[in-house]
Amino acid sequence: MRGNFVRKQLGSCSLRKKKKQQSPSTDAEILKWNKAISTHMRNGECDSALRLFDSMPHRTSVSYNTMISGYLRNGHFHLATNLFDKMPQRDLFSWNVMLTGYIRNRRLGDARKLFERMPQKDVVSWNAMLSGYAQNGYVDDAREVFENMPEKNSISWNGLLAAYVQNGRFEQACRLFESKSNWDLISWNCLMAGYLKRNMLGGARRLFDQMPVRDNISWNTMITGYAQDGDMLEARRLFNECPLRDVFSWTAMVSGYIQNGMLDEARRIFDEMPLKNEVSYNAMVAGYVQSKEMDIARDLFEAMPCRNISSWNTMISGYCQNDDITQAKNLFDKMPQRDSVSWAAIIAGYAQTGHYEEALNMFVAMKRDGESLNRGTFSCALSSCADIAALELGKQVHGQAVKTGYETGCFVGNALLAMYFKCGSIDEAYDMFEAIEEKDIVSWNTMLAGYARHGFGKQALSVFESMNKLGVKPDEITMVGVLSACSHTGLIDKGTEYFYSMNEVYGITPNPRHYACMIDLLGRAGRLEEAQNLMRSMPFEPSAAAWGTLLGASRIHGNTELAEKAAEMVFKMEPHNTGMYVLLSNLYATSGRWVDVGKMRSKLRDACVQKVPGYSWVEVQNKIHKFTVGDRVHPERDRIYAFLEELDQKMKLDGYVSSTKLVLHDVEEEEKEHMLKYHSEKLAVAFGILTIPADRPIRVMKNLRVCQDCHNAIKHISKIVGRLIILRDSHRFHHFSNGICSCGDYW
C-alpha cells in the first residue's frame, strides 16, 4: 500500500511537470508529500525520502523539518546539519529539532552556539539545553540555564531535580524539592529513587508516605528498596497493599527473594504470576544459576516463550562458572544474536577453565565478527595471554586496546601491566605502568609484586617507597608483595623491619600470608629455629602454606628431621598436595635414603594422589610449543636433541656437572645424567635458541618449579650461546645472562 501511495505521488508529480506547473501546489497536496516522506523516514528509507523531497514542486518549512527529523532519527547527523544550513526559511520548530540533534550527538558546544543564534526561543529550547547539560553531567551549566529561563514549566523543574539526583548532588536535590510544593509525580519518584540509591531507605519511605498520589513506579520502587535491603517482610506487605500490581511488581518480589537466598519462595511467586515477561524469566533463571542448579535453570530456559540476549548470556555465564565450558560453547553457537557480554562470558569461561588458547581464538573471532571490544573482553584476553605467556599475542591485543582508547584506563591498563610482567617483559611493564593515567592500588600492587616475582627486590621496594611519598595507602596485598620482594632477594633485616612495623605504621594486622612470607624469608636464610619460633608465636594455627614453606626451607638446608615434621602437618591438612610429597622425596634422594623414597611413592598411591606431570612451553611466531620430559612428539625433535647433545659437550667444558642426586631413582650415575638431560625446560630452551632471532630474549614457562639441575644448566647455556633466557616457573622468574641468574642462586 505504501509503495502504491508513493508511486501515485510520483505520478502526480510527473503530471504536474508535464503541465509545466501551471498552478501552485495546494496545501492538501503538500501534506501528502510530507506524509509520504515521513513514512519513508520511519521505515529507515532515507534515500527514498530524499528522492521524494527533491521531486517536490514546492517545499515548505514542514517539508524541511520532516527531512531533518528523519535524518536525525536514522543517525545521519551530518545530512541533517547540511539540510538545515540550506533551509531558505526556518521556523522555531526547525531550530529546536536541530538543537535536539546536536544534544543527542553530545555536541554540547555546538548546541550552545546554535542556542545563542536562535532568533527566538521557547520553553522547549530552554529545556533542551537544560536536559543536554544534565544528562552529560554538567550540573552547574544546567542550573545556569534553569536560572536564566524567562519561563519555567514542570519539565524544567523535573529536569534540574533529576540532574541533581543523577549526579550525586542529593542535598541540593532535597533543597530544590522543598522550595516548591506542586511537584509532578515523576519528580516524587525521582527523589525517592535518589534516597534508595544512597541507601537511605527511611528517607525514601517518608517521602513515599507523603506522596499525594502514587503510581506503579512508586510502589515498585519501594518494594525493590526493601527487597534490596533484605527486608522481605516489609516488601511483601507493600506488595500485598499495592492497588494495581503489574509484571514489574511481581518481578521485583521474585528478584528480592532470589537476592536474599530464598529461591523456593521466589519460585512460588514466579509460578503465581498472572503475566511473565523476559525479565521475570531471566530473574528466575539467574536465581537457579547462582545456586548452581544448572539443570533446573536449563529446563526453565528451554520453557521460556521468548528469550532475549540476556537469557542466553545468563545461561552461558552459569555454565562457565560451573566449569562446563562444553555446554557453554554449545549454547553460544546456537545464539540467534550475540552482544559484547556474550563474547566476554565465553572468553572468560575458556580462560577460567585453563583453555587459554581457545580464549584467545574467541577474542580474535569476536573482532572478526565485528562486535565492539569492551573492557571485560580485553581483560579476559590479556589474562589468557599472561597465563600462557603469549607475549606476541598480548602485544597484538595491546594494539587493539590502543585503537579503542582503553589502554590508559585502570581496568585494561592493569591487565596489560600484569600481562607484561607474567610474560617476562619488565621494561614494557614499566612503560605500561607509566602510561596509566590514574593509577589505583591495583596498579601499584601489580608493579610491586611483578618486580618481586622477577627477583628485583630493590626495584620493588623502590616502588613501595614511591607509594608512600605520593600518599598512596598500602593494603594487605601491598605488604605481601613487600615481604615477598625481601624474601626473594634475601633482604632479611629489611623484611623483618617491615613485618614488625606494618601494624603500627600502616594499620595492617599481619595475616597468614604475611607470616608465610616471613617464614620463607627466615627459612631461605637458614634461620630455621627463628622460623619455627615465629610459627609458634602466630595468633592463629599455622596454615598448610606455612608448613609447606618450612618444608621447602628444610629441604634447601638439608634438615631432614624438621622437613619430616613439616611434611606430616601438611599431609594432615592437604593430603592431596603432590608438591609436598615431591619435596620430601627430593630430600630423601639427596641423602641417599632410597627406602624412604619408595615409602613416599607408596604414600602417594595409597592417598590416590596423581602427580602433576611437568611441562614447559615457549612461544615462537604466535604459536605455543609445549614439551614434556623426554618429548618425542615435537616435529623438530631430532634437531632439538642433536643441538642438546652439542650443548652438553660445551657445557661440560665450561664446568657443568649434572646434579644426579636429584634423580628420584636408585640407578647408575650415567643413567641419571641421561634422565636429567632431557627435562622439559631444557628442550624448550634449546628450541627457543634454534628458532627465535638472536637479538630477542628466549622466554620459557614451566608449570612446576624449575629443578636445580636445569637451573644450573641454563646458566651455562646462557653463557655459551650469549643469549638472555627468561624462565618463569610456578613460583618466580629467573633471568639468565652470561652464566648468571637474577635470583643470585637464592631460590
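**Exercise 1.** In this predicted model, find the contacts of His-679, leaving aside neighbours within four places in sequence.

*Solution.* 
- Step 1: with those neighbours set aside, His-679 is in contact with Val-629, Cys-707 and Cys-710.
- Step 2: locate the residue. His-679 sits in the loop between helix H39 (669–677) and helix H40 (680–691).
- Step 3: classify it. Buried means under 20% relative accessible area. His-679 has 18% relative accessibility, so it counts as buried.

**Exercise 2.** Which parts of the chain does the salt bridge of Arg-169 with Asp-140 tie together?

*Solution.* 
- Step 1: check the pair. The closest N and O atoms of Arg-169 and Asp-140 are 2.7 Å apart. The cut-off is 4 Å.
- Step 2: Arg-169 lies in the loop between helix H10 (154–166) and helix H11 (170–178), and Asp-140 in helix H9 (residues 139–148), so the pair ties together parts 29 residues apart in sequence.
- Step 3: Arg-169 is partly exposed at 26% relative accessibility. Asp-140 is partly exposed at 40%.

**Exercise 3.** Where do Glu-241 and Arg-237 lie, and which network do they join?

*Solution.* 
- Step 1: Glu-241 forms a salt bridge with Arg-237, with the closest N and O atoms 2.2 Å apart.
- Step 2: both residues lie in helix H15 (residues 232–241), 4 residues apart, about one turn of the helix.
- Step 3: Glu-241 is partly exposed at 41%. Arg-237 is partly exposed at 34%.
- Step 4: follow shared partners. Salt bridges join Arg-205, Asp-209, Glu-234, Arg-237 and Glu-241 into one network.

Definitions and conventions:
Residues are numbered from 1 along each chain as its sequence is written. This is a predicted model: local features need pLDDT of at least 70, side-chain atom pairs count only at pLDDT 80 or more; totals for chains, interfaces and linings use all residues. Side-chain values use heavy atoms; hydrogens and water are left out. Helices (H or I, at least four residues) and strands (E, at least two) are DSSP runs, numbered from the N terminus. Buried means under 20% relative accessible area, exposed over 50%, partly exposed in between (1.4 Å probe, protein chains only). Contact means heavy atoms within 4.5 Å. A salt bridge is a side-chain nitrogen of Lys or Arg within 4 Å of a carboxyl oxygen of Asp or Glu.
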